[in-house]
Every structure is written in C-alpha cells, then in structure tokens.
Amino acid sequence: LARISVIPVDVLLYMVRRRLGKLLPSPVVQKKVPILGDSELLREISPELKKRGWLPVHYPGVATKCRPSASIKFDHENLYEALSEVIRGFLEANVSDVFSSVQMLAIEKVLCSRMVAGAPYLCAAIKSGIEYAEKIYLENERPQLVLTSAMSHAVCSAFHERAKSLGMSVVLCEHGIAKGLAELSSATLSSSELSNCDVFLALTSRSGDFASKSYLTTKVVGTPKQFRNVAFPSIQRYLARKRLCLSSVDTTIFHVSTLPFYGNQRPGYCVGSEAEIFDLEARFLEGVYKNTNKKVLFKSYPTRRFPYHPTMASMFPEIPNVQDIGMEDFRYLRTAADIIVTGTATSTIAWCLGGDVPVIWWYSRKISPVLADVLPEFKKSLICFDVDSPSFEKDIQELLNRPLAEIQGVWDSKKLFRNEFLKNAIFGPDGHAGSIAAEYIDQIDKSVECQ
C-alpha cells in the first residue's frame with residue numbers, strides 16, 4: 001500500500017492496463033516502441049506514448065552479466081605482449097614524470113594481467129549486446145527508436161553499435177542527476193552512458209549542458225512527479241511511520257547514506273575507499289547521533305558487494321536513539337522524516353528534496369566531491385556541512401539538538417535561492433516530464449521518417 005500510494009495515477013493505470021493485457025480495448029497503434037529496463041522517467045513516458053498511438057513493448061534492461069564461452073580460445077601470451085606494448089607507450093608518454101621505471105613496470109603488469117583475464121568476458125559482452133539488439137529489432141517490426149535507461153557497460157556499447165547499424169536510434173532517459181554536478185561524472189564523460197546513445201532525455205538544464213559536451217541530441221524534460229512531490233502526504237506519513245514503528249509525535253532524523261562499499265571495484269575519481277566510508281559513517285553514528293536528542297533512522301546504501309555484508313548492529317555498540325533500517329527503500333519511507341541528512345550528488349538528493357522537510361547535506365573534497373562551480377549553489381540552497389572539517393561532528397550535532405522549529409527556520413531562510421537551484425540542477429523545468437518526453441519522441445520519429 002505504501003508503494004502504491006507514491007505512484008502517480010496515470011502511471012498506476014497504465015501498469016494495471018499492462019497487467020490486464022488483451023482484456024481491454026487498445027487504440028489504433030501506429031508502431032511499436034521497445035522500452036528497455038525500468039526507471040521513474042520511463043514509467044512516466046510509457047502511458048503518454050500510449051495516448052499518442054504508440055505501443056510500448058517492455059523488455060528487461062541490457063544485461064551486464066555475461067559468462068564467457070568455452071568455445072572462444074585466446075593466445076594469452078601474444079595478447080599480453082600486444083597489450084603490454086600499448087600500455088607501456090601510454091605510461092611513458094603520460095606519467096613518466098610521476099612514477100619511476102620500476103613503478104611503471106608494476107602498473108603495466110597489473111593492467112595487462114587484468115585485461116588478459118577479462119578478454120573472454122569482453123567477448124561474451126560484445127556477443128550478448130549484439131544479439132539483444134537484433135532480438136529487439138526483429139521482434140518489433142524494425143523500430144526506428146529504442147528507449148532505455150542506464151547504459152554504462154561494454155554490453156551496452158555493443159548493443160548501441162549494433163542498434164545503429166540496424167537503423168535504430170537509442171534514446172537514453174537519464175537515471176540520476178549526477179551529470180553536471182559530481183566531479184566523477186566529468187572525469188568519466190568519455191566512458192559514461194552518454195557514449196552509448198544517440199538521443200539524451202535530460203532531467204535538468206545542468207545535465208543537459210553537460211551532455212552537450214558529447215555532441216548529443218539532447219532534450220531537457222524535467223524529473224518525474226515522484227521525485228518532486230509527495231502524493232497524499234498524510235497517508236504516506238502514517239503508513240511509513242507505522243512500518244517503522246514510530247510514534248506520530250517523535251521528531252525523527254532520517255540519515256540516508258549514498259555511499260556504497262564498492263568491493264575494490266571503485267568507478268574512479270575521488271570515490272571513497274571502504275575504510276573512508278566506514279570511518280565517515282562511524283563519525284555520524286558515534287560522533288553525532290549518539291549525543292543527539294532526537295530519534296534517528298539510519299539507512300545504509302542498498303547494495304551488497306561482498307559475500308558477507310555485516311549489519312550496523314554487528315559493527316557498532318547499540319545506540320538507544322538510533323534505529324538501523326538496513327536497506328529499506330527510502331523512496332517509500334521518506335515521509336517518516338522530519339529532518340533528512342544525506343550527502344553527495346546522486347538521484348537520492350532529489351528524493352530527499354521532494355520530501356518537503358529540512359535537508360542537511362554534507363560534502364567533502366575527498367569523497368565523491370561535487371564540481372567546484374556548483375558547490376556554492378548547494379551552500380546557498382541547503383543546510384550544508386563540510387565533513388572534512390575537524391569540528392564537523394560538533395557543528396552538526398549542535399544544529400540537530402535545536403528544536404525542530406528553529407531548524408525549519410534555517411531551512412526556510414534559504415528558500416529563495418533553493419527554488420532557482422532546484423529548477424536548474426535538481427528537478428528541471430516545470431511541467432509533466434513524461435508528456436514533454438513523449439512529444440519530443442514523436443518529433444524525433446517524424447524527422448527520421450522524413451530522412
């Protein structure tokens with residue numbers, strides 16, 4: 001019931017219709033449009049496409065787990081030598097002034113070994129991506145467009161290349177809001193999902209400007225309703241608090257972690273190590289919340305990268321006012337909060353800001369930093385704390401121990417700046433994102449037909 005209450009009515013009706021299938025009459029269909037995967041924006045686009053006479057055909061997202069085929073054989077020695085020559089040249093040209101010859105040799109060996117070991121998986125990924133594109137093409141009467149979300153993998157690159165060769169344009173719906181906000185997104189632009197699509201439906205003008213650096217056809221459509229607003233807030237708050245066994249009167253802080261333990265597979269620039277992430281969360285729990293006069297819900301990042309992932313209770317002594325809610329889905333529980341504490345620039349911050357409660361946002365220059373030019377905007381719009389500061393724990397604890405009305409007053413004082421910031425960087429333009437996107441998809445299709 002809690003999950004249903006957050007779904008927009010038009011999306012909910014479309015989902016019901018999909019379940020009922022052929023039992024309900026369907027309008028005259030012009031053509032099929034394959035939709036790969038699932039996201040809030042894809043869910044909002046689908047019923048709008050249906051209204052315009054399209055037939056959305058839903059498929060799983062492009063699978064990123066591929067097993068190598070035993071039939072593919074490699075000459076590992078020759079492959080190692082070929083890679084070694086390329087990598088050695090790259091290192092000598094770019095980092096010889098940073099590393100010694102012995103260090104560069106060690107780096108070369110590590111990279112070559114990893115690449116040779118991964119070669120069978122890369123071949124399997126390419127084969128999988130090609131076959132999936134051909135399946136979509138044949139099952140949907142040679143479609144001109146494919147809608148998808150989250151395309152960051154070698155399989156996705158192969159899918160995109162094969163789709164293009166078959167005359168299909170890949171329309172990528174932005175999943176989060178990190179593009180144009182996080183330094184990691186800038187550092188990995190050339191290898192991001194933006195390299196695996198032809199058209200990009202951006203959530204904000206900030207991410208749209210960022211995508212334009214890749215010379216992509218881009219349309220800013222805004223974020224879906226579910227991000228921006230809480231439907232039936234009183235009902236949702238009652239259901240969320242009941243699920244979490246909270247009284248209706250307790251002032252509750254919701255700590256939402258955005259830091260996964262990557263399992264030594266960090267995606268790149270300034271992403272925190274396991275030790276750094278553990279240390280930061282320990283500082284929040286033992287240095288801040290342990291001495292806070294309010295109830296705290298502590299939510300870990302919802303992913304498991306290790307065979308054994310210890311619970312908070314197994315790592316820290318019990319803290320009476322802190323309730324560990326593990327990996328519960330924050331989207332359906334955000335209305336339980338009176339105050340939200342979170343950090344970094346991910347899609348989570350949009351869910352937090354759509355909850356219409358004070359948001360305390362932490363930042364760091366060492367762990368998942370935001371771009372230097374956007375940090376002042378965060379500071380003017382949200383209640384911000386620098387976790388690199390030695391006085392961080394004392395400063396945030398001091399704020400959290402104030403009455404809720406005072407914290408709300410600090411939050412309200414930033415409203416003018418925040419409204420502009422939300423429009424440019426978090427929620428995008430006003431309007432129905434699904435309708436704007438569907439109208440644009442219609443335009444793309446007509447322009448392709450005229451070519």
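Contact here means heavy atoms within 4.5 Å. With that in hand, take Y289 in this predicted model: leaving out residues up to four places away in sequence, Y289 touches I253, H255, F284, V296, F298, N321, V322, V341 and L400. Here's a quick tour of what surrounds that residue and a couple of other spots.

**Nonpolar cores**
- Y289 belongs to the largest nonpolar core, which has 88 residues.
- Along with F284 and I426, Y289 is among the residues with the most contacts inside that core.
- A separate core of 29 residues lies apart from it, and its members include L36, I136, F200 and F210.

**Helices α10 and α14**
- Helix α10 covers residues 274-288 and helix α14 covers residues 392-400; the two pack at about 55°, with their axes 10 Å apart.
- That angle makes α10 oblique to α14.
- The crossing of α10 past α14 is right-handed.
- On the α10 side, R283, F284, G287 and V288 make the contact, while α14 brings in F392, E393, I396, Q397 and L400.
- Sorted by class, this contact comes out at 5 nonpolar, 2 polar and 2 charged residues.
- Two names turn up again here: F284 and L400 are part of the helix contact, and Y289 touches both F284 and L400.

**Helix α9 and what follows**
- Helix α9 runs over residues 233-243, and its buried residues are Q236, L239, A240 and R241.
- Those buried residues pack against β7 (252-256).
- After α9 comes C245, with a positive phi near 60°.

Definitions and conventions:
Residues numbered from 1 in each chain as written. Predicted model: local features only at pLDDT ≥ 70, side-chain atom pairs only at ≥ 80, totals over all residues. Heavy atoms only, no water. Axes fitted to C-alpha atoms, helices over the stretch in contact; angles between N-to-C directions. Helix = DSSP H or I, 4+ residues; strand = E, 2+ residues; numbered from the N terminus. Parallel < 35°, antiparallel > 145°, perpendicular 65-115°, else oblique. Left-handed = near helix turned anticlockwise from the far one by under 90°. Nonpolar A, V, L, I, M, F, W, Y, C, P; charged D, E, K, R; others polar. Core = buried A, V, L, I, M, F, W, Y, C linked by side-chain atoms within 4.5 Å. Buried < 20%, exposed > 50% of the residue type's maximum accessible area, 1.4 Å probe, protein only.
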